[in-house]
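Hi there,

Here is the structure I promised to pass on to you.

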Amino acid sequence: MSLPPLTTLPNPIRPAFTKGLTPGSVIVNIGPSHPATHGTIQIVAEISGERVVRTDVHCGYLHRGFEKECESHTWHTLIPYVDRLNYCSALINDFAYCEAVEKLMGIELTPRCRHLRTLLAEYSRIADHLTCVAAALMEMGAMTAFLYLVTIRDYVYEHIADLTGARVTHSYGRIGGLARDLPDGWLQRLEEILDQMDTFVDRVHGLVDRNRIFIDRMRDVGVIATAEAINWGFTGPILRSTGTPRDLRKDTPYLSYGELEFEIPVGIKGDNYDRYYVRMREIDESKHMIRQLIDMLQPGPISVDDRRCTLPEKQAVYTEIEALIYHFKLIMDGIQVPAGETYSAHEGANGELGFYLVSVGGGVPWKVHCRSPSFVHMGGVHRMLDGYQLADLVPTFGSVNMIGGECDR
Amino acid sequence: MGTGENLLERVQASLGAQALETGMAHGILVLQITAESLVPVAGRLKQEFGFDLFLDVTATDWPQRRPRFDVVYHFYSARDFVRVRLKTQVEETDPTVDTLVPLYGSARYMERECHEMYGIRFRGNDDLRPLLLYEGFVGHPLRKDYPKQREQPLVPYRDVKP
């Protein structure tokens, strides 16, 4: 077996520029596999000394044909693929997708399911923000803060695994409900973890908030103004860091958000420090929401009583012919979604996570399109990189929290 | 929500004349327009009605239909919290629409994706290089006639002898 010489392999990309604008500038290639760019992203940068003149950002190295694959699965069996979009907060993807299908079918969720989905979405948001902040801090050398945050994130993952059976890709959403109800003692453990989280997050605040090195690396770096951010399609924590309180949970309330009391943290000038702080404050708000939801949760069914989408009780499947047939039809043909199209958006951990679905009736979607925040952010991230130092590229990129799974789909 | 619904009614009344068909679908105002009126309508949506956030562009392939493709746009008003969907049909022989880059910076990247996945040409967007795919990829994978199992390895498979 002999490998072809490296020089014969074609270049997967064609850079936007190969010559510098200014004399003495150099074109460097960063990534796609680089320890400092968490995620497979490739940046072709023109640098003059240490200053970045312009950048050309390439994504796609994690493209796996999500949308194509969905067109040959039933509405239910593509949920595991949806999980793998933003793998740091997979439950938010699940619920956003399920809600889009439920809109097409005209399904109203049970109160317990609604509250539980909201609770789990906020829990996932915490895990996502912890990951983002931890990774961004580690890349600047703050190993202790990283370990504190990842410790608590691991408690969260293990805890969600107790409920869903998986640490990262849960496949827990079901159209019209959820896979299963909470196990015994789950909520007690949740409160324990929230308390521990307070301690760990406080320690990180103490370590970095007023740390001179941290501030020097973060303040006034990667600045973006509100108008600019909206022009480039930024949503989520990045848009809020510019000082504008836009949040779908408040603006177009879905699930149980209309019944909750919470604030929308905003930044001052849209730099790296603000993005760090907005995420940390959102963790606090999410904890606040989860505590309210624990009180709101009442016993009741977690799935709608609708034979179009919900599987019958297992016991009935073994004993009644009608239940057996429903089970068979739902598994083999998939749920039958009426023809139509819908766009449904949730506030993902990184911004507006939308699903545009087209159904022509029947058990298989005609089209599943995911509007992923990370992908749109990659289209405008050069506005936050150009003009700063090469070394700033790492914390700025970390604060954008590009997730390869949802960016490249 | 009251102001948002009023806004959609005003948009519908004002832009209805430029649309072939209008209607509400799951809380979103849908305007079916011709490819020629895309830029004027999008411009008015942005300037007159405050739809400042360009969310998404994608296409839908209907192989049995003429014209074959729908190009689908979503806009959001960050002031009134409502969404508008624009749909325009293009022929397979000339799948061309005008770019929205002069109105929205974010259109640049999203149009690139739509171009490589469906082969829609965005007139005026000077950067339609492959984005999620790679240089030299043949075909448009999200078209219905592109077989899911087709392989186009960029790096040739190694010949492994047992």
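In this predicted model, the contact between the chains draws 40 residues from chain A and 40 residues from chain B. On the side of chain A that touches chain B, several elements supply at least two residues each: the helices α1 (66-70), α8 (226-231) and α14 (373-380), together with the strands β6 (340-347), β7 (352-359) and β8 (367-371). By type, the residues on that side of chain A are 16 nonpolar, 13 polar and eleven charged.

Now to chain B and its sheet. Five strands of chain B form an open sheet in the order β1-β2-β5-β4-β3, and the pairing is mixed. At the edges sit β1 (21-25) and β3 (53-61) of chain B, each of which pairs on one side only. On average, neighbouring strands of this sheet are turned by 20° against each other, direction ignored.

β3(B) runs antiparallel to β4 (residues 69-76) of chain B, and eight bridges join the two.

Helix α2 (residues 38-47) of chain B lies across β2 (28-33), β4 and β5 (83-90) of chain B, and runs at about 175° to β5(B).

Technical notes:
Residues are numbered from 1 along each chain as its sequence is written. Chains are lettered from A and ligands numbered from 1 in the order in which they are written. This is a predicted model: local features need pLDDT of at least 70, side-chain atom pairs count only at pLDDT 80 or more; totals for chains, interfaces and linings use all residues. Two strands pair if DSSP finds at least two bridges between them. Helices (H or I, at least four residues) and strands (E, at least two) are DSSP runs, numbered from the N terminus. Axes are lines fitted to C-alpha atoms, for helices over the stretch in contact, and angles run from 0 to 180 degrees between N-to-C directions. Two residues are in contact if their C-beta atoms, placed from the backbone, lie within 7 Å. Ala, Val, Leu, Ile, Met, Phe, Trp, Tyr, Cys and Pro count as nonpolar, Asp, Glu, Lys and Arg as charged, and the others, Gly among them, as polar.
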